[in-house]
Amino acid sequence: MKTIVLSLSALFFLACTTTPQDRPDNKDFSQAVDKYLQELWDLNPGFAAHMGLSQYDDILKIPNKEARDKDVEFAKKEIAVFENFKDEDLSFSQRTDRDLILNSMKRDIWENETFRSFEWNPMMYNVGGAVSIVLESQKKDLDEKLKALSKKLLKVPQFYQVAKSTINRPTQPHTQLALKQSQGLQKYLSGEVRGLVKKSKLSSREKKTLYQRIDASAEAVRRYATFLKGILANPKSVGGFRDFRLGKELYEDKFKFDLQVSYSPEQLYKKALEAKEDTRSKMFELAIQLYPKYFGEKLPPKDRQKVIQNVIDKISKNHTKPDEFVETVRKQIPELTKFVKDKDLLTLDPKKPLKVRETPQYQRGFAGASVDSPGPFDKARETFYNVTPLENMTKAQKESYLREYNDYTLQILNIHEAIPGHYAQLVYSNKSPSVIKSIFGNGTMIEGWAVYTERMMLESGYGDNSPELWLMYYKWFLRVVTNTIIDYGIHNLGLTEKEAMDLMVNGAFQEKEEARKKWTRATVSQIQLCSYFAGFSEIYDLREQQKAKKGDDFNLKQFHETFLSFGSAPVRSIKKLMR
Ligand code: ZN
Ligand code: ZN
C-alpha cells in the first residue's frame, strides 16, 4: 500500500514540475503593445471613442480606399512585430494578447483584400453609433459634447458620399436593413439630437452652426436612404444583387477568425445536430411529466412533436402585457441579483448598477434586448440594458412575440443578457488588467458565457427546479443549437428560407414572428449565430473537467471568478491560463 502511495505522489510531483511556470511580463512586449495601440487609435478614431477614449470623439473616419490601404499597411507591419515574440519570452497573459492581436490584424487584411464587406454591406455606413458615443460620454458636460459633435458632423456628408461611391453589387438583405436603419437615424438626428441643442447653454451663434450641421447630416442620411431605395427598386443600377450566402471557403475563413474555437465548421455542425436530438428527447420527457397538470385525464397524442408543442403552447400563455414589457424586465433584475448573491455564484459589483432603458431609435431593428456597456477607458459611463418596447407591431405580432418571451423565457433572456450573463461578464472584462483582452473581446467566449449562465442558474436551483422553467429553458437552448444549424446551412448547404423556417418553427418550437426575424438576422450576419453554441460547449466542458479534477475542492464561485478574470479571451486561451 505504502509503495503505491509513494509512487503516486512521485508521479504528482513529476506532473507539477513539468507544468510550465508563468513568467513575469515582458517589458519589450508591453512597449510594443502601447505603440501598437496608439497607432490603432489614430487609424480608428471611432473604435477609440467606443472604447472610451473621448479625445477621439470629434473625429469621423472617412471610409475610403486611402484609409483602407493604410489599415492594411499597418496590419502587415504589426504582424511582423508581434510574430517576433515567442511563447518562451512572454507571460501566459501576454501570449494570449499576442494571439489576439495577430488574429485581429490578419482578419483586417483578409477583410480588406478578400472579404470586402465595405462593397456589399450598406449597413456598414451608419453614423448613429458615432453620434451617440459622443452624447453618452460621462467625461464631458453637454456643451462640450455638443462642440465635439459639431466638429464630427461636419464630415457626415462626405462620409455618405464615399459610401455611395463604394457600394458595388450589395446583397439584398443588407440593403433592406440599411434602409430601415437609415430611416431611424434620420429621426434620431432631427428629433433627439436637435432637442439636446435646445437644452444646451451654447451661444446662439454656436447653436445656429450646430443646427445647420445636424440638418446637413440628416439630409445626407436621407439621400443615402434614397440611394438605397433606388438600388432596391432597380438592382441593375449597381450591377445586380450578389448572393448573401458566403460559400464554403469564405465561411471557413470567417469561422476561423471570428470564433477562435477548437472545432472546424463541420465538427460544430455535427455537434449541434447531436445536441438537437438530445435536447428534444429531454423536452419530451418533461412534456409527458407535465401533461396531466395541463390536460387532466386527456391522454397525450402519439406524436412526440405534438406532445411537446401542446405543453409549450399552454405554458406560453403566461406572459406580460405588451405595454408592460420594458417594466417587467426592469422588475426582474433585482431578483436575479439577489439569487446570484444568496447562492454565492459570483461577486457582483454594487458600484456598477445596471440601468434598464428603452432602446434608442437608431439601434432598433435587431434583437429585443441587449446590454450596451462602456469600453475599458470609460469606466464611468453607465451600462445600459436596452430593451425595445413593443411598438409598430400588429396585435397578432405582439401576441406572438410575447408568447416567445413568456414569463419563463423572459427570465432566461434576462439571465443571458444581464445577470449573471453579459452584463456581469462585461464588468469583469473591464476590470481585467489586459487592455488587449478588453478591446478584442472574443465573441465566442462572451456569448458562450451568457448561454452557460442560463444552464448554471437552473442547475443551481433558480426557479425551484420547476419543470415548466426547465422545459422552456430547453426550448431556448434548442434555439441556440438551431442557430448553429441554420447559419451553417444557409452559407454552406444552400438552406432556403422555407427550410430554415421549418427547422425553427417545427424543429425548435419557435414562434413564426421570432423565426422570421432570425432569418433576416441570419442573412445579414455570418458565423455570429454559431458563437453561442460553440462558446457554451467549450465553457461547459471546461467546468466539468475542472470538477472531475478537483473533486471536493471544486468551488463554483471561484471557477466563475477565475474564468472571468482573464477578460474576454478565447476559451481555449483561458483554459491554458487557468492551468
Ligand atoms: Zn396571450
Ligand atoms: Zn448574448
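In which loop is Arg-116 found? Before I answer, please keep in mind that this is a predicted model, in which local features need pLDDT of at least 70, side-chain atom pairs count only at pLDDT 80 or more, and totals for chains, interfaces and linings use all residues. Residues are numbered from 1 along each chain as its sequence is written, chains are lettered from A and ligands numbered from 1 in the order in which they are written, and side-chain values use heavy atoms, with hydrogens and water left out.

Arg-116 sits in the loop between helix H5 (92–115) and helix H6 (117–120), where helices are DSSP runs of H or I with at least four residues, numbered from the N terminus. Its phi is near 55 degrees, a positive value in a residue other than glycine.

Let me turn to the zinc ion (ligand 2), which is coordinated by His-416 (NE2), His-422 (NE2) and, through two OE entries, Glu-447, at 2.0 to 2.7 Å; donors here are N, O and S atoms within 2.8 Å of the metal (3.2 Å for Na, K and Ca), and because water is not among the atoms, sites may look incomplete. The donor residues are spaced H-x5-H-x24-E in sequence. His-422 lies in helix H18 (residues 422–431) and Glu-447 in helix H20 (residues 443–459), so the pair ties together parts that are 25 residues apart in sequence. Both His-422 and Glu-447 are buried, a word that means under 20% relative accessible area, with exposed over 50% and partly exposed in between (1.4 Å probe, protein chains only).

Finally, a cis peptide bond, with omega about 0 degrees, joins Ile-419 and Pro-420, and Pro-420 is found in the loop between helix H17 (409–417) and H18.

Definitions and conventions
Helix = DSSP H or I, 4+ residues; strand = E, 2+ residues; numbered from the N terminus.
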